[in-house]
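Reader: I'm new to reading structures, and I'd like to take one part slowly. Could you pick a single piece and walk me through it, step by step?

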Amino acid sequence: MLKYDLIRVDDRLIHGQILLKWMKVLKVKRAAVLSDELNMDPIMKAILAKTVPEKIQLDIWGVRTGIERMYEESGKALILLQDIHSLFQLFQNGIQLKHVSISRLPCEAGKEKIHEQMFVSKEERKELGVLLNHGVDIQIQMVPDSESIRLRDIL
Amino acid sequence: MILALLTHGAWGKALLEAAELIVGPMKDVVCFPLFPERSFKEYVEEIQTFIDKQEEDILLMADLMGGSTFHAAGKLSRADGVKAVSGLSLELLALADELRHDCSLERLPKCLVERARDRIADMESILGKE
């Protein structure tokens, strides 16, 4: 079973905040991205392969494959997910979620504002509600030094 | 040729103003600020829509390697008439403005990076130790 330093939901996946802050603070040696969209985007995969520091092992999987691999592999990784639904898929497939960190929930068509810079669709609200009811601790935090908001307090 | 500045937050506009203090009014420079509340997808779409409307060549200039602006520039740089560089600075913008008039889009990114490479310096390497 692949253990994790942190499960992070961030629509930008690997970007400045992850590379400059989270990976350093958590002393991450391995990162696994579970995203169907990224997995099917050869240009973005090529960019990431060249810009993620060489000493960090990077895996990019589709969500389904990623869940299987999490059961098969050993070691420890920073798990990166693109959206709430991917997080919910992990939960549905029995991956234990104790703490989850969300970077932000950007504004998109059909989403409702729940807090500054946080927007959810009906579906996401439901999925987050289920996770909270199962005792998953979900924090919204941009970088390790910035203010952290408990989702339970605003949803 | 159009220069498009892809920045984290609004500093592209301030950078453009600063560059104009040095080289005078600059034509065909556009800013695409990325703000935290916007989704990455929408940001890429906004720039794509802009690109689709242009007949001129476009050089995308991103401000942070590995950051979202860089990823957007990478995704968009595979289209005809579009190229991208990273490491946006006052130095790079002024250089790009100078070179875009006598350099083809094809050659510009390489020229820029070569010229800009020795424009980051440790002052001691210039002055020597005391």
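Author: Let's look at helix H1 of chain B, residues 11-23, in this predicted model.

Now ask which residues of H1(B) are buried. They are Gly12(B), Leu15(B) and Ala19(B). If you look down the axis of H1(B), its buried residues fall within an arc of 55 degrees, so they line one face of the helix. There is a handy rule behind such patterns: an α-helix has 3.6 residues a turn, so residues three or four places apart point the same way.

What lies over that face? The cover of the buried residues of H1(B) includes strand S1 (2-8), strand S2 (29-34) and helix H4 (90-99), which belong to chain B. Turn to the other side of H1(B), and you find Ala14(B), Glu17(B) and Leu21(B) exposed. After the helix comes Gly24(B), with a positive phi near 85 degrees.

Finally, step back to where the two chains meet. Chain A brings 14 residues to the contact and chain B brings 15 residues. On the chain A side, helix H1 (16-25) and helix H3 (42-51) are the elements that give two or more residues. H3(A) supplies the largest share, four residues. By type, the chain A side divides into six nonpolar, four polar and four charged residues.

Conventions. Residues are numbered from 1 along each chain as its sequence is written. Chains are lettered from A and ligands numbered from 1 in the order in which they are written. This is a predicted model: local features need pLDDT of at least 70, side-chain atom pairs count only at pLDDT 80 or more; totals for chains, interfaces and linings use all residues. Two residues are in contact if their C-beta atoms, placed from the backbone, lie within 7 Å. Ala, Val, Leu, Ile, Met, Phe, Trp, Tyr, Cys and Pro count as nonpolar, Asp, Glu, Lys and Arg as charged, and the others, Gly among them, as polar. The expected span of a helix is 1.5 Å times one less than its number of residues. A residue is buried if 20 or more other C-beta atoms lie within 10 Å of its own, exposed if 12 or fewer, and partly exposed in between; C-beta atoms are placed from the backbone. The arc is that of the directions from the helix axis to the C-beta atoms.
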